[in-house]
Amino acid sequence: MATKMAQQRRRVRHLTALLIKSEFGKPKDCLKDFASVKQMEMRRGVGFTGEFYVFSKRAKAPAWMGFVSQMLESRLTEPKNDNICAVLFVRVQKRWLVFTQGHGRNLLKTDCFERDFGIKVVLNSVDPKQLRSVDVRSVESLTTQMRKQLSRNSPMAAFALNLHQDIPRVIAGKPIDEQFAKLIAGSDSLSLSAKLEVEDLGAKCERLLAAYQSNTYREHFPWFDQLRAVRDPSVLASLSTTLLEAIRSKKNDDLHLAPPDIIDWNDSSGFSFSTEDEPTPRHELLMEEYLGTVDMEELSFERLKRDRVWLHDTRTDVPLSKWSVFDTIVFETELAGKVYVLSGGDWFQVDKKFADGVKAKLGQIPASTLVFPSARSDQHEDDYNIQVAKTSKSYALMDRRNAFVDGSRTSIEVCDLFTKEGQFVHVKRKTRSATLSHLFAQGVVSADAFLMDAGFRNHTRNQVVKVQPALGPLIPDVRPDPSKYEVVFAIITKRKSNWPHSLPFFSQLNLTHAHDRLLRMGYRVSLLRVDER
């Protein structure tokens, strides 16, 4: 009874915590500028071992004051409040937890705290059916940040995320144990609202550390270990060193360059490097050609960020686009037993068992029996599709011939080529992983509409008849038997011995996901490599 009454007297506090890495043994080692902060002596009997540091700076007059004061008769009062922030370190077993006050996080070194501490505590403590909001980051195309917030607490499925592409960065929800907190939200830091007084802080820290060290999240959130954005400065530094070593070795098959945007070859004459004395556009983006323009002794991570890849316009001397060389690098490596992928200028950590599983599933996708001619490196996909269609009356050219979904104004490209064997062939040049993922998604959406939508089939038949009337009867009015049809993903790429594992990891991941969905629908699926010459 006394404990319950004491709990009722407690106020709800809003705290933000970070977990210091085990190699940082003393709080002062975590501070950016130890001389700029003042250590305050802790009172005895608080129930925990801690250290408190405060930083204060006289606030500057806001920028608007000078402008507004010109229109006033009397002078505005200058601000007198100091800008104060602080950090409280609490000893927990052999670790330190730090609670930040104000902008106290800015007092800490960026590499002193554990990344994903907060989100891991949340996943181990939250009621999986009581999630309130999720911030996600897309790992493909343009990097996007998005927050999904529901009107009431719900399970993860209600957020309709694609966990093959979206990495949850911040998760908020209601804990299973309401005595632990009323609400928790976590990313690197943990924010919690809980009834708490000073004498409770030591025990609360014990629970936070235990929650971080637990693996109970794997029951309801198994995706957490599969794919994570890397933000730890020390890990990023090691990966940068590994990348440079791989580039200098000139023998790494897991490294290549790919433009981070879709290329329209109708408007572009090719790529060049800012490091060339006389830029010469070419249609292939090769690491060896870049290295031929720089002094290997001067090659550094900073230089990869500074040097540019230019995409030339056929009509003017002004480049259509320009990216850093680093942003075009696609690279996979292992470090300390973990798999990492560099794509679009960002590093991602991939669970090794997960990565091995993706590669194994990819190896099970059969090769297509189709035989297509090779494609020139400067050949636009549209022109290539026309070339293939001309080789046989067994192919109907469907590129840019969209069919409408019944009851909607939305149109979908059925495929690029439709064959007399009932094959829907989707063709794409291997560039960035997001481009290929669009190809795989197109194949799934088209196959689903063909199976479920009579109007879509009718539009498709009309498009086929326009180019190859003899193939029209292959598309029925009634719901078709999907086992009689095959979805073929044709990828234009350089010949490599480790095909298809030479595809970027995210492409492998999304291809296996598309393959599984198509098989569940009942379709046959195959993969075709089109050699680039």
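The side chains of Arg303 and Glu298 form a salt bridge with an N to O distance of 3.4 Å, where a salt bridge is a side-chain nitrogen of Lys or Arg within 4 Å of a carboxyl oxygen of Asp or Glu. Arg303 has a relative accessible area of 15% and is therefore buried, whereas Glu298, at 49% relative accessibility, counts as partly exposed. These classes come from a 1.4 Å probe on protein chains only: buried is under 20% relative accessible area, exposed is over 50%, and partly exposed lies in between. Salt bridges that share partners also join Arg105, Arg115, Asp116, Arg169, Asp188, Arg218, Asp225, Arg228 and Arg231 into one network.

The model is predicted: local features need pLDDT of at least 70, side-chain atom pairs count only at pLDDT 80 or more, and totals for chains, interfaces and linings use all residues. Residues are numbered from 1 along each chain as its sequence is written, and side-chain values use heavy atoms, with hydrogens and water left out.

Glu289 and Arg282 pair in another salt bridge, at 2.6 Å from N to O. Here Arg282 is buried, because its relative accessible area is 18%, and Glu289 is partly exposed at 29% relative accessibility. Side chains of opposite charge can pair when their charged atoms come close. Over the whole structure, a search finds 29 salt bridges.

What does the salt bridge between Asp232 and Lys21 tie together? The two side chains meet at 2.8 Å, N to O. Asp232 sits in the loop between β11 and α6 (233-249), and Lys21 in the loop between β1 and β2 (38-40), so the pair links parts that are 211 residues apart in sequence. Both Asp232 and Lys21 are buried. The element names follow DSSP runs numbered from the N terminus, with helices (H or I) of at least four residues and strands (E) of at least two. In total the protein has 13 helices and 25 strands.

Next come the nonpolar cores. A nonpolar core is a set of buried Ala, Val, Leu, Ile, Met, Phe, Trp, Tyr and Cys residues joined through side-chain atoms within 4.5 Å. The largest one holds 40 residues, of which Phe99, Met156, Ile171 and Leu201 touch the most other members. At least two residues of this core come from each of β1 (12-19), β4 (82-92), β5 (95-101), α3 (117-125), β6 (126-138), β10 (190-195) and α4 (201-213). The largest share, 6 residues, is supplied by α4. Leaving out residues up to four places away in sequence, Phe99 touches Leu15, Thr16, Ala17, Ala86, Val87, Leu88, Val90, Leu201, Cys205 and Leu208, where contact means heavy atoms within 4.5 Å. A second, separate core of 35 residues includes Ala396, Phe424, Phe440 and Leu471. In soluble globular proteins, nonpolar side chains tend to be buried together. Of the 533 residues in the protein, 50% are buried.

The second largest pocket has a volume of about 590 Å³. Its lining has 23 residues, and the closest to the pocket centre are Asp116, Arg228, Lys338, Tyr340 and Gln349. A pocket is found on a 1 Å grid over the protein atoms alone, as an open set of points where a 1.4 Å probe fits, with protein on both sides within 12 Å along at least five of seven lines; lining residues have an atom within 4 Å of a point. Grid points are joined across faces, edges and corners, and the volume is the space filled by probe spheres set on the points. Each of β11 (227-229), β17 (338-343) and β18 (346-350) supplies at least two lining residues. By class, the lining has 9 nonpolar, 2 polar and 12 charged residues. Nonpolar covers Ala, Val, Leu, Ile, Met, Phe, Trp, Tyr, Cys and Pro, charged covers Asp, Glu, Lys and Arg, and the others, Gly among them, count as polar.

Two loop residues remain. Ser502 lies between β24 (486-493) and α13 (505-521) and is buried, with a relative accessible area of 9%. Not counting residues up to four places away in sequence, Ser502 touches His256, Lys430 and Lys496. The C-alpha atoms of Ser502 and His256 are 9.8 Å apart, although 246 residues separate them along the chain. Thr280, in the loop between β13 (268-273) and α7 (287-291), is partly exposed at 46% relative accessibility.
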